[in-house]
Amino acid sequence: MKEIISDRDALNNPTNDIIKKGSIITVITLISRPLGYVREAIQAYLFGATLLVDAFVVAFNFPELIQTLFFSGATSAFLIPVCTKYMKNEEEYSSIYATFINITIIITLILSTIFFIFSNEIIQLIAPGFDPEAKRITRILFIIMIPVIALHAILSVMKAFLNAKEHFAAPEMSGIMWNIIFILVAIILSKKFGIYSLAAGVTLGSAAQIIVQFPYLRKFNIRYRITLSLNHPSFAEAKRLFTGALIATSIVPINSFVGRIIASYLPHGEVASLSYAFRIFILPFSLFAVPVYTVMFSKISKLYHEKDMGGIYAHIDSSFILLCITLIPSTILLCSTGDSIIKLLYERGAFTSKETFMTNRALFGYGIGILFYALSLSLVRVFNALHDMKTPAVIGITSIIINAILAALLMKQFKNLGISLATSIVSLYNFSVLYMCLKKKIGYRMTRKTIRQITKSLMAGIILLLLIFAAKYFWNDRAYLTLSLSIAFTIVIYYIFFRDYYLMLIRRKI
């Protein structure tokens, strides 16, 4: 085992590495997310927060849940640690890639056929509170979007093999293509096909995502062939890791899915408002958390094979710092200016002040837990990189039960706020238990510099919150002005507190 690196190296070098590679994801996200909000805004303008959108959201959530549970999240979790062993041999790497692509195609085609045959029963399961007409619409939407399962699963294998090569651009660029196709299809077909145009946009956009990957796969000489190398050691290792990875990475989508099933008993529009709120919530998460833990995961997977525990500690510390510096102010902005954000993004056409109120209520519940949401997912990736799938899986199973109970109880009193609050509470639970388990497993402890940086972020957050409250007090009737001032306050306050830190990063040519 290599000697533990110094505090300064633990803070600086991994931080440089994470930001250099993570900035690619962030830049692409800055392009993709606005497109996502254009997509949401067009959807809101055309259909509002109505029964039709409730049907679309529920119908889309099931195939999205299946591909996320069994393929997208789990695939990265178990394939990247396996892939890193074979990167130096291009022929072997391509053979492994082709094997997992072909296995994915076979499994998803069988699964899609089953879902088509039992579509009526599935709709009864996922929308028990809908009336017969709503269930009929939901079933048609669901059938149109069944191919998404296979298409996203294939994309997840491509992503894993590219990420293992430390290439992150192409998988993230696929989101841009998906949004563009969705928007075009919705605009062109909505008058003729109504809500079904959204389902068509989802499926066609998913197919376009795969096409985007081909040039980059060729660039890294990752070639497809018709083969099933089931005797290769990578396949045995993948099977060993799959079940734990499946359970561990399924927690977030299952909790979200359960929450929306429970929300189907609420008045019409509540499910749609949760979806709109989550889209806003996920923007800072995608900008700041996803780049951090995506790069960290690939790096720690390699460091684990090199038995470099010092490097692993350093990357965990740097990830914690970056997440706290970016997501603490994000929490404050989401919770204090959410109504202004929603008005700016959605309040037009069929989306009225009533929908803004419902969406803001849900956004507050999601917003207060965004840091723990990100930290818990990051720690899951750390355990995955260490080839430990069991620990996050066991913790995740308990969190599903806790989330279902909390959502059902809190919904009665707080409606959609109760469901989003349950998500945040469970995220705090997940992070706390995972952190204690990590300390026990590898003896990880945050350095003093790391704790100091996190404390500074909390202090900056308190000052920021006071300034925002002052702005809202004096200009309460001017929503966009207070939003602009809040963003300006965030930039200024965090620059003052972390000026030396950011300048250090700039001097190192990040």
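Reader: Where in helix H8 does a kink lie, and of about how many degrees?

Author: First the idea: the bend at a residue is the angle between two axes, one fitted to the seven residues ending there and one to the seven starting there. Helices (H or I, at least four residues) and strands (E, at least two) are DSSP runs, numbered from the N terminus. Here, helix H8 (residues 196-219) has a kink of about 25 degrees at Gln-213, shortly before the proline Pro-215. Just after H8, Asn-221 takes a positive phi of about 55 degrees.

Reader: Before we go on, what sort of model is this?

Author: This is a predicted model, where local features need pLDDT of at least 70, side-chain atom pairs count only at pLDDT 80 or more, and totals for chains, interfaces and linings use all residues. Residues are numbered from 1 along each chain as its sequence is written, and side-chain values use heavy atoms, leaving out hydrogens and water.

Reader: Where is confidence lowest, and where is it highest?

Author: pLDDT is the predictor's confidence in each residue, from 0 to 100. The chain has a mean of 84, with 91% of its residues at 70 or more. Helix H1 (residues 7-47) has the lowest confidence, at a mean of 69, while helix H16 (residues 416-442) has the highest, at 93. Over residues 1-12, pLDDT stays under 50.

Reader: Which residues touch the most other members of the largest nonpolar core?

Author: A nonpolar core is a set of buried Ala, Val, Leu, Ile, Met, Phe, Trp, Tyr and Cys residues joined through side-chain atoms within 4.5 Å. Buried means under 20% relative accessible area, exposed over 50%, and partly exposed in between (1.4 Å probe, protein chains only). The largest core has 147 residues, and Phe-56, Phe-161 and Phe-285 touch the most other members. Helix H11 (residues 270-305) gives the most to this core, with 19 residues. If we leave out residues up to four places away in sequence, Phe-161 touches several residues, including Leu-79, Tyr-93 and Ile-222; contact means heavy atoms within 4.5 Å.

Reader: How many aromatic pairs does a search of the whole structure find?

Author: Rings of Phe, Tyr and Trp (its six-membered ring) pair if their centres lie within 6.5 Å; planes under 30 degrees apart count as stacked, over 60 as edge-to-face and the rest as tilted. The search finds 30 pairs. Take Phe-60 and Trp-178: their planes are at 25 degrees and their centres 6.5 Å apart, so this pair is stacked. The pair links distant parts of the chain, with Phe-60 in helix H2 (residues 51-83) and Trp-178 in helix H7 (residues 169-193), 118 residues apart. Phe-60 and Trp-178 are both buried.

Reader: Which ring does the charged end of Lys-165 sit over?

Author: A charge sits over a ring if NZ of Lys or CZ of Arg is within 6 Å of the ring centre and within 35 degrees of the ring normal. For Lys-165 the ring is that of Tyr-93, with the charged end 4.7 Å from its centre. Likewise, the charged end of Arg-39 sits over the ring of Phe-182, 5.4 Å from its centre.

Reader: Is Lys-307 buried or exposed?

Author: Lys-307 has a relative accessible area of 57%, so it is exposed. Lys-307 lies in the loop between H11 and helix H12 (309-345), and its phi is positive, near 60 degrees. Most residues other than glycine have a negative phi. His-387 also has a positive phi, about 65 degrees, but His-387 is buried, with a relative accessible area of 11%.
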